[in-house]
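Subject: Structure for you to look at

Hello,

Here is the structure I promised to pass on. Please open it alongside this message; my notes follow below.

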Amino acid sequence: MAVAVGSGRPGWLERMRRSSGPVRFHQYTRGTLYCFAVSEAVLLGFWCVAGSGGDDIRLVLPLIALFVAVCVCHLLLIRDGLRYYLGAAERPTGLAVAYVVLVVGGIAVLHTGVGTGLLNPGAVVASTWLLMFFPGPLLLVLPVRRCVALGAGVLACSTLSVVAAGVRGEQLGYHMSAAVFGMAVFGFSYRCSGWTMRVVNELEEARETQARLAVAEERLRFGRDMHDVLGRNLSVIALKSELAVQLAQRGSPLAVEQMTEVQRIARESQREMREVVRGYRETDLHTELVGARGVLRAAGIDCRIEDDGSDELTGPLHAALGWVVREGTTNVLRHADARLCTVRLWVTGPGDGGAGGAGPVAELVMENDGAPRSGTAAGGGSGLAGLRERLAVLGGTLTGERGSDGTFRLAARVPLRPADDGGTGRTGRTGRTGGDAGGHEEGTTER
């Protein structure tokens, strides 16, 4: 299927290649089952062309119409039967009944034609092919025991009618053995295909649940940290404030000391809260890399890490790039449909094209093959905006790019040694770190 130049829409092969693993597996399995139905049509068509050479054309044409109806019903029953088996639709009872009636009617017409001499004995071969494919789509609709009983009854009636038509010897043996073998093989194939698709659906649901749980666990961890930091201090502030009120009512000078202590605890709580929000307590690049790999693999996403420069980074760079890894991992889990995520970290030497071009630069790139779904602006969330502010304090940059091949690339570049800004009073980390800790970073990263 060709795509018009300039249309901007990939062809169906490209869309299938870029689709997720479960989607591709469903497409492959459905295509395989449809090929079985097409194979039945080809075999019946072959008999109509080559096997009915001496038969009256007035009898063959109705048979062709009957075979076409059987094959169309077969295809429709595969489609609706899979939907029912996967829990996405109601049981197609009417379609299943029509399929059984068409197959049984076709076998009866063929055997009656052979018995009356209107059709040559080779018509039994066509009835054998009808029997071989008969239980396949029904096993997607009916319970196994009921379908086996129905298939055995149809096979028994077919055998009796073949004997009544005067077919004996090798042809009768071929009819019975081929029918039994084909019914078992195709029935097993159809049922196992549907069961495998159901298992894949359950695994995909489990993967999505694990991804949601990973995000929820991180939120709970953050909430516990905030409780641990503020819970005790707020209780102390409340008690000391109450004590200061009582002392002030008595005219005691100790009330001033209590309020001074309340002020100190409040400032200490504010500092600790900012440290938790910015991740200074636990955010470490090595820890975040290991955590990202574990969370992504638990969510069914292959994660590859290439670390060639973290040993050369200082504490602030470790924390900043650790936030990049954490936010990038969260975005992959929440906004992408990825199968592979690659994290690369390296340090470029002077003159290698780093930020500022004056010294070594640490570069971290996170790339995944599941670009944000439609409606999600690449790089437009408040989390990435907060990361840009955090890296700007260190003289770094952050870019997010969506590739034409369905990839998303998050790249951070930070100089190892901040360059002087030429006398404005701001040099990388100095002069702004404390200020940003006081007002810019709280809550900027989407957790």
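A nonpolar core is a set of buried Ala, Val, Leu, Ile, Met, Phe, Trp, Tyr and Cys residues joined through side-chain atoms within 4.5 Å. Buried here stands for under 20% relative accessible area. Please keep in mind that this is a predicted model.

The cores

The largest nonpolar core has 48 residues. Trp47, Phe67, Tyr99, Leu110, Leu130 and Leu138 are the ones with the most contacts inside this core. At least two of its residues come from each of helix 2 (21-51), helix 3 (57-85), helix 4, helix 5, helix 7 (144-164) and helix 8 (169-250). Another core, of 35 residues, lies apart from the largest one, and includes Ala211, Val215, Leu313 and Met366. As background, nonpolar side chains in soluble globular proteins tend to be buried together.

Which residues does Tyr99 touch, leaving aside its neighbours within four places in sequence? They are Val70, Cys73, His74, Leu77, Phe133, Phe134, Pro137 and Leu138.

Helix 4 and helix 5

Helix 4 covers residues 93-116 and helix 5 covers residues 123-133. The two pack at an angle of about 160°, and their axes are 9 Å apart. Angles over 145 degrees count as roughly antiparallel, so helix 4 is roughly antiparallel to helix 5. The crossing of helix 4 past helix 5 is left-handed.

On the helix 4 side, the contact is made by Tyr99, Val103, Gly106, Ile107, Leu110, His111 and Val114. From helix 5, Ala123, Val124, Ala126, Ser127, Leu130, Leu131 and Phe133 meet them.

Two single residues

Gly105 also lies in helix 4. Is Gly105 buried or partly exposed? Gly105 counts as partly exposed, because its relative accessibility is 26%. Gly105 and Val70 are 35 residues apart along the chain, and their C-alpha atoms are separated by 9.9 Å.

Leu340 is in strand 2, which covers residues 340-348. With a relative accessible area of 25%, Leu340 is partly exposed. Arg304 is 36 residues from Leu340 in sequence, and the two are 7.8 Å apart in space, C-alpha to C-alpha. Arg304 is also one of the contacts of Leu340 when neighbours within four places in sequence are left aside.

Regards

How values were computed. Residues are numbered from 1 along each chain as its sequence is written. This is a predicted model: local features need pLDDT of at least 70, side-chain atom pairs count only at pLDDT 80 or more; totals for chains, interfaces and linings use all residues. Side-chain values use heavy atoms; hydrogens and water are left out. Axes are lines fitted to C-alpha atoms, for helices over the stretch in contact, and angles run from 0 to 180 degrees between N-to-C directions. Helices (H or I, at least four residues) and strands (E, at least two) are DSSP runs, numbered from the N terminus. Angles under 35 degrees count as roughly parallel, over 145 as roughly antiparallel, 65 to 115 as roughly perpendicular and the rest as oblique. A crossing is left-handed if the near helix is turned anticlockwise from the far one by less than a right angle, and right-handed if clockwise. Contact means heavy atoms within 4.5 Å. Buried means under 20% relative accessible area, exposed over 50%, partly exposed in between (1.4 Å probe, protein chains only).
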